[in-house]
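Here are my notes on this one, point by point. Have the model open while you read.

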Amino acid sequence: MKDKYPTRKSKKTLLMQREERAAYDTDSVYGIREYAEKGFYHYKNFFDSGAIDLANSRAANIYSGETEHGYISHEPDSDLLRSALNIHNIPAFNELLHDPVLASIAAAILGGSGYVHQSRINYKNSYGSAGWDWHSDFETWHSQDGMPEMRAFSAMIPLTENTNENGCLMVVPHSHEVFCSCARSDEELNAESEFSEQKEGIPPPDALDEYFHRANGIVSITCDPGDLVIFDCNTLHVSHPNLTPNSRTNLFFVLNSVENRLVEPFSGGKARPDYMAHRA
Ligand code: 6CS
Ligand code: FE
């Protein structure tokens, strides 16, 4: 299959125009027109508070180890839990995934049926949990997982308050329109360390300058439990470490079009395990 978005192949960085549209139907569901234009949308008070409370207590049980969960990723150089992956079949989370309005949002964006490419809880617990550097998720999913085209998005569900202080998601409006082909690292990387340490896929300062120039600023998505934030697979985003006493816990479902099934990784390495990138 042709590689439409070559990345991690050389030492060069290159900005390329996106080819696929961000949403297939911008008229039938509220918010999707703005989503397609800016690359993200924030729905306030989207979920029922009882369902969110239940999901938050399940997430806390996984964090504390009270509920055993095999698919986890740690903070860089630490044994603190950073992410719990492959969580979408756990009933408290599955219930949120099957919200009927979320299903219509997914259909409008993907132009048909979708499936879960990745699901995870990102814990950014108190006092020093690491942030995430600038990246496009698609750049990773394309190179490491073999996702052919930009026909996927993330549904982010805050389970605790996300503030400027505890490291809320920050996005660059309109960045989803441009793909940054990133440099290859010389280090020998494996899926687990790459997931938490981000050794590749970070656009260099001159490329970031281009994005900021177009965007006219960064948007900090401060949000509350019960909100829903959707963002395109290629939207450039970042988040600060959490130095506060307040944990920032977010649930993510990545939905990909069934017409955009994974092939072999475009960067050539071994495909990541199924719990990071579902192939079934
Ligand atoms: O490796 C991944 O799939 C991912 N990594 C980052 C930094 N963001 C999204 C995704 O979970
Ligand atoms: Fe990300």
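**Notes on the sheet, its helices and the ligand site**

1. Start at one end of the sheet: His74 sits opposite Leu81 in E4. Keep in mind that this is a predicted model. E3 and strand E4 (residues 81-85) run antiparallel and are joined by three bridges.

2. Zooming out, that pair belongs to an open sheet of seven strands, ordered E2-E11-E7-E13-E5-E4-E3, and the pairing is antiparallel. The edges are strand E2 (40-43) and strand E3 (72-74); each has a single partner strand, so one side of each is left without a neighbour in the sheet. On average, neighbouring strands here are turned by 20° against each other, direction ignored.

3. Now the helices. Helix H2 (residues 49-64) packs on the sheet, where it touches E4, strand E5 (114-124), strand E7 (152-158) and strand E13 (248-257). The direction of H2 makes about 65° with that of E5.

4. Helix H4 (residues 100-110) lies across E2, E5, E7, strand E11 (228-232) and E13. Relative to E7, H4 runs at about 155°.

5. Which residues are around ligand 1? They are Gln118, Arg120, Trp132, His135, Asp137, Thr140, Trp141, Phe195, Gln198 and Arg272.

6. An oxygen atom of ligand 1 is 2.8 Å from a side-chain N or O atom of Gln118. For Trp141 the corresponding distance is 2.9 Å, and for Arg120 it is 3.2 Å. As for burial, ligand 1 taken alone exposes 300 Å², and the protein buries 95% of that.

Technical notes. Residues are numbered from 1 along each chain as its sequence is written. Chains are lettered from A and ligands numbered from 1 in the order in which they are written. This is a predicted model: local features need pLDDT of at least 70, side-chain atom pairs count only at pLDDT 80 or more; totals for chains, interfaces and linings use all residues. Side-chain values use heavy atoms; hydrogens and water are left out. Two strands pair if DSSP finds at least two bridges between them. Helices (H or I, at least four residues) and strands (E, at least two) are DSSP runs, numbered from the N terminus. Axes are lines fitted to C-alpha atoms, for helices over the stretch in contact, and angles run from 0 to 180 degrees between N-to-C directions. Contact means heavy atoms within 4.5 Å. A residue is near a molecule or strand if one of its heavy atoms lies within 4 Å of it. A polar contact is a pair of N or O atoms within 3.5 Å; within protein, one must be able to donate a hydrogen and the other to accept it, and residues adjacent in sequence count only if both atoms are side-chain atoms. Accessible areas come from the Shrake-Rupley method with a 1.4 Å probe; for residues, only the protein chains shown count as cover.
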